[in-house]
Amino acid sequence: MPNQIQAGFEFEAIFQEAAIGIIVTNSRFEMILSNRFADKLFGYESSELIGENISLLIPNHLKERHHGHLGNLGHEKPISRPMGIGLDLKAKRKDGSLFPIEISLSHFKASDSMHYIAFVSDVTLKRKVEMELILKNQQINQLNETLEQEVAARTQALQNTLDKLEVNAKELEISLEKEKVLGDLKTRFVSMASHEFRTPLTSILGSATLIEKYTKEEDQPKREQHINRIKSSVSHLTEILEEFLSVGKLEDGKLEIHPSEFSVRHFLLDIISDFSTYQQAIRLELEGDYTCVQDASILRKVIFNGLSNALKFSQKEVVLRVIPQEKSVTLAIIDQGIGISEEDQKHLFERFFRGGNATVIQGTGLGLHLVDRYVRLLGGKVEIKSELNKGTELRIQLPLN
């Protein structure tokens with residue numbers, strides 16, 4: 001008997017002092033026991049729940065559904081199981097307020113009657129922590145997304161800046177290269193102009209000074225000689241200025257094509273006649289004759305420049321060879337002069353460029369540049385074959401129409 005009393009006392013102590021709500025019901029789901037934690041949890045005084053149906057603790061809007069669950073529980077074989085874990089399960093306090101709970105159900109038989117035990121936990125704090133964790137995770141995900149977007153935007157902005165810097169660097173490089181080219185052109189122009197203009201101007205000044213001294217009638221031949229020298233020098237200056245003007249027109253795209261039909265033989269013979277005062281002869285190699293439709297004025301400048309260069313750099317006969325094709329014609333101007341080095345041939349068509357072995361011979365360095373530009377304007381192309389001290393061949397290929 002003492003042992004039974006001791007066991008009953010220990011059960012009572014465990015039941016009442018447990019840190020979880022414990023409610024026991026009979027088979028009709030009437031509460032027959034509740035510990036102090038459960039009374040406090042639901043807001044009732046000690047023993048106030050005894051005799052009340054468990055539905056008293058169920059929220060009003062869930063009573064009907066809960067009643068169905070209890071009915072099923074009474075007909076089914078009872079199974080001990082947790083309830084409310086992972087669910088939004090709520091209970092009702094005495095004051096009508098609701099709070100989240102988790103329940104673990106168990107059962108036992110006493111006096112051939114089924115009894116049910118509910119272990120009830122208030123998970124308000126747990127739900128609060130879970131919600132805070134969810135919110136924190138959402139904030140972290142949002143921050144990560146914002147950070148990724150910011151990183152992507154900054155990366156794109158940096159890439160755009162790098163692209164702009166690369167473009168600016170290329171533009172600067174091109175500008176510097178153009179500046180260098182312009183500087184080189186300026187240097188060449190000043191060097192050429194100082195030489196090419198000084199020579200005829202000095203000749204004009206010297207001849208004019210000497211003419212003043214020839215005052216007698218018998219000095220007329222000498223006066224005419226110096227007058228012709230002045231005319232020649234003025235003509236040379238005019239040619240130089242004409243070359244400058246031609247370069248300007250070509251660069252500005254102001255030169256227009258005016259094609260006309262003409263005899264190739266008569267056209268070339270007329271040009272050759274302009275060189276009758278030269279010591280060297282120009283031999284025309286042309287079989288028969290045929291007509292050509294081109295801009296005669298521009299083509300004349302091309303051939304005149306080519307022949308002038310050939311005569312200037314050679315002391316022997318110059319050949320003007322005409323090679324007709326079906327739809328084009330090739331004009332070859334061949335001399336046996338000083339020739340052009342392979343290194344200089346790379347720069348022949350540049351403005352104001354003069355070969356290393358041609359600095360003592362008069363010239364502006366614009367002749368071949370103009371020839372190349374004129375020929376391209378006429379739809380043709382220019383090639384040069386040359387060897388030092390053996391001569392040069394200038395080949396000009398043009399469409400007949």
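Predicted model: local features only at pLDDT ≥ 70, side-chain atom pairs only at ≥ 80, totals over all residues.
Residues are numbered from 1 along each chain as its sequence is written. Local features need pLDDT of at least 70, side-chain atom pairs count only at pLDDT 80 or more, totals for chains, interfaces and linings use all residues, and side-chain values use heavy atoms, with hydrogens and water left out.

Start by selecting L133, found in helix 4 (residues 124-196); helices are DSSP runs of H or I, at least four residues, and strands are runs of E, at least two, numbered from the N terminus. L133 is partly exposed at 48% relative accessible area (buried is under 20%, exposed over 50%, partly exposed in between, with a 1.4 Å probe and protein chains only).

Stay in helix 4 and select E166 and K170, which lie four residues apart, about one turn of the helix. They form a salt bridge, with the closest N and O atoms 3.7 Å apart; the term means a side-chain nitrogen of Lys or Arg within 4 Å of a carboxyl oxygen of Asp or Glu. E166 is partly exposed at 43%, and K170 is partly exposed at 47%.

Next select E317 and R283, a salt bridge with its closest N and O atoms 2.2 Å apart. E317 sits in the loop between helix 8 (296-312) and strand 10 (318-324) and R283 in strand 8 (residues 282-285), so the pair ties together parts 34 residues apart in sequence.

Finish at E30 and R28, whose side chains meet in a salt bridge (3.3 Å, N to O). E30 is partly exposed at 26% relative accessibility, whereas R28 is exposed at 54%.
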